[in-house]
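User: I would like to go through the labels used for this model and see what each one rests on. Please set the values against the cut-offs.

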Amino acid sequence: MPSFAEQIAKSAPDAADIKQRRWIYIPYDRYTDRTGPLTEQSAAATGVVIVESTAKALRRPYHKKKLVVLISNMRHFALEQAARGVSVLYVFSPKSHGQALVDVQREHALPELTCMTPAERELRLDLATAIENGLQMKFAEDTTWASRTADFTEVYGTYKPGKSYVMDRFYRKARQKTGILMQNGKPVGGQFSFDADNRNPYKNQIPVPKPPKFRPDPITEEVIAFVGETYAQHFGEIDGFDLPCTQADCDLMWRFALEHLLPHFGPFEDAMRDDHGQLFHSKTSVLLNLGRLLALDLVRDVAQAAEAGAIPLASAEGFIRQLLGWREFMRHLHGETDGYRLLAGHVPQEHRRFTQEVSPDRTEEATKAYASAISKADPYAGARPSALGASLPLPAVYWGVKSGLHCMDTVVAQVIQEGWSHHITRLMVLSNLANLCGFSPRELTDWFWFAYVDAYDWVVEPNVLGMATYADGGLTATKPYVSGAAYINRMSNFCGHCQYDPKKSTGPGSCPFTSLYWTFLERNQDILAGNFRLQMPYNTLRKKPAQELMQLRARAEEAIAHLQSFKRPAY
């Protein structure tokens, strides 16, 4: 079979195509012809430019499977468009996307390009620089989203220093505007959220369906070989790749999830298992974040299934809240805060490199000055809020070095193999440990960014710097999401297979999570003791005798030292 390059070359434009067609640039995470500029004219009047950039792929040690699923979907999307009569200018470039577009527009005398406003800040910045260097491009609204910026600002107003956000307000507004799970202006079932019904551990009550695997076709096999050779030093395993890369397979994956997984999703969405890493999660986030599936389509499918009685209301609402609520909320929050950079003037930073240039007071002017200083130094530099003062280096366990903590070792092994784990393992195992130990929020964010197949700046930064680590000082969450061993033991089977006893907090064989939890509260009591959601644990902490507190501190220090004793792999 001809290589992809040979196949796609047949759809390259001639001089007439250049003049007569509308030319659209397709970002690396928007492979859809179901919405946006591609739907606004016939295929015969459309041309697309797609850039496969090694510079972007080398920016971080992205998981090999992330690169495979992204590049293979990119190539399949190009062939799919060619098959329906679209002219395709596919560019292989060692440069950034923006730099490559400047070159290709000049070389082919392309007219002004249209592009849906990129989801990633990094790409927006790259294209802005390219426009300064001569790229002719205009932007259209990204209609793959389920909401607009105005929907967010109508609820919260524009960003101001010190403001806090509660997702529930945005979610209620989204439900009311879309009419999803609404009847006569009121939520179906009498309440907007059924979160309290969705917190059961999984104990084999229902068999877990075996999800479909998508065998790589020749195009994907070519990508696997390319990634394995070009990005050999990147994170993660490449063997066993089985994610969908064609539109037909992406749709098939969703239909399976809708019919076989989501009917049981709700009650067990917070459950964790070492023998069922996926449980009833749809695992469609990677396809949503590539544009292969559209959030409103999925939300409507689930709502219709619930109305038909095929999915229980609590399961349907739990899934819809993730897409219509959290996903949209987080991407708006990322945009409104410039990727959390606007927090720099009023939230403590992990490394205050600009304290001499700007006053560290809490005024709005200082906020803008901090952000400006950071941007001028390196516009791509990630935000570094650390409201709780966390800054320890992320330890080797996140790279697969065995720590002896069965929960951590199990989840990290799954991430190395799949580039994925579900949201509770991300929050209550991976992020929980980092929070309790005081590991760098920025390093944890960057790790999630390259380790997960569904991670992009707009989703990973607010989720990790905000909800997962409380580094934003409460902008996103009303309290830190931390726990001791009791929660992990209740919601998983991890502890039953671990060398540590979740019921022991100190002494030989005790689980470090519990001592780390109490010392986390003690360490941060000046900041957190007044939090209304933490009154019960702080009351318990105050009652602990001095001798026990000393033992807890010693056990926690021992655990952190143990984790930091292993050499971290270099990437």
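User: What makes Lys 56, Arg 59, Arg 60, Glu 120 and Glu 122 a network?

Analyst: In this predicted model, these five residues are linked by salt bridges. A salt bridge is a side-chain nitrogen of Lys or Arg within 4 Å of a carboxyl oxygen of Asp or Glu. Side chains of opposite charge can pair when their charged atoms come close.

User: What do the numbering and the values rest on?

Analyst: Residues are numbered from 1 along each chain as its sequence is written, and side-chain values use heavy atoms, with hydrogens and water left out. Because the model is predicted, local features need pLDDT of at least 70 and side-chain atom pairs count only at pLDDT 80 or more, while totals for chains, interfaces and linings use all residues.

User: How many salt bridges are there by this rule?

Analyst: The count is 34. One of them joins Arg 75 and Glu 52, at 2.8 Å from N to O. That pair links distant parts of the chain, with Arg 75 in helix H4 and Glu 52 in strand S2 (residues 46-53), 23 residues apart. Helices (H or I, at least four residues) and strands (E, at least two) are DSSP runs, numbered from the N terminus.

User: Why is Arg 75 called buried, and why is Glu 52?

Analyst: Buried means under 20% relative accessible area, exposed over 50%, and partly exposed in between (1.4 Å probe, protein chains only). Arg 75 has 5%, so it is buried, and Glu 52 has 7%, so it is buried too.

User: Are Arg 199 and Asp 195 buried, partly exposed or exposed?

Analyst: Arg 199 has 45% relative accessibility, so it counts as partly exposed. Asp 195, with 24%, is partly exposed as well. The two form a salt bridge, their closest N and O atoms being 2.9 Å apart.

User: What is the N to O distance between Arg 327 and Glu 328?

Analyst: The distance is 4.0 Å, and the pair is a salt bridge. Arg 327 is buried at 12%, and Glu 328 is buried at 0%.

User: What surrounds Arg 321?

Analyst: Arg 321 lies in helix H13. Its relative accessible area is 7%, so it is buried. Apart from neighbours within four places in sequence, Arg 321 is in contact (heavy atoms within 4.5 Å) with residues including Met 167, Tyr 171, Phe 194, Asp 195 and Trp 326.

User: How do you know that the buried residues of H7 line one face?

Analyst: In H7 (residues 149-156), the buried residues are Asp 151, Phe 152, Val 155 and Tyr 156. Seen down the helix axis, they fall within an arc of 110°, so they line one face. The arc is that of the directions from the helix axis to the C-beta atoms. Their cover includes helix H8 (167-178) and helix H13 (313-336).

User: Which residues of the largest nonpolar core touch the most other members?

Analyst: They are Val 49, Leu 101, Phe 329, Tyr 398, Met 408 and Trp 447, out of 181 residues. Helix H4 (residues 64-83) gives the most to this core, with ten residues. Such a core is a set of buried Ala, Val, Leu, Ile, Met, Phe, Trp, Tyr and Cys residues joined through side-chain atoms within 4.5 Å.

User: Where does pLDDT stay under 50?

Analyst: It stays under 50 over residues 352-362. pLDDT is the predictor's confidence in each residue, from 0 to 100. The chain mean is 95, and 96% of residues reach 70 or more.
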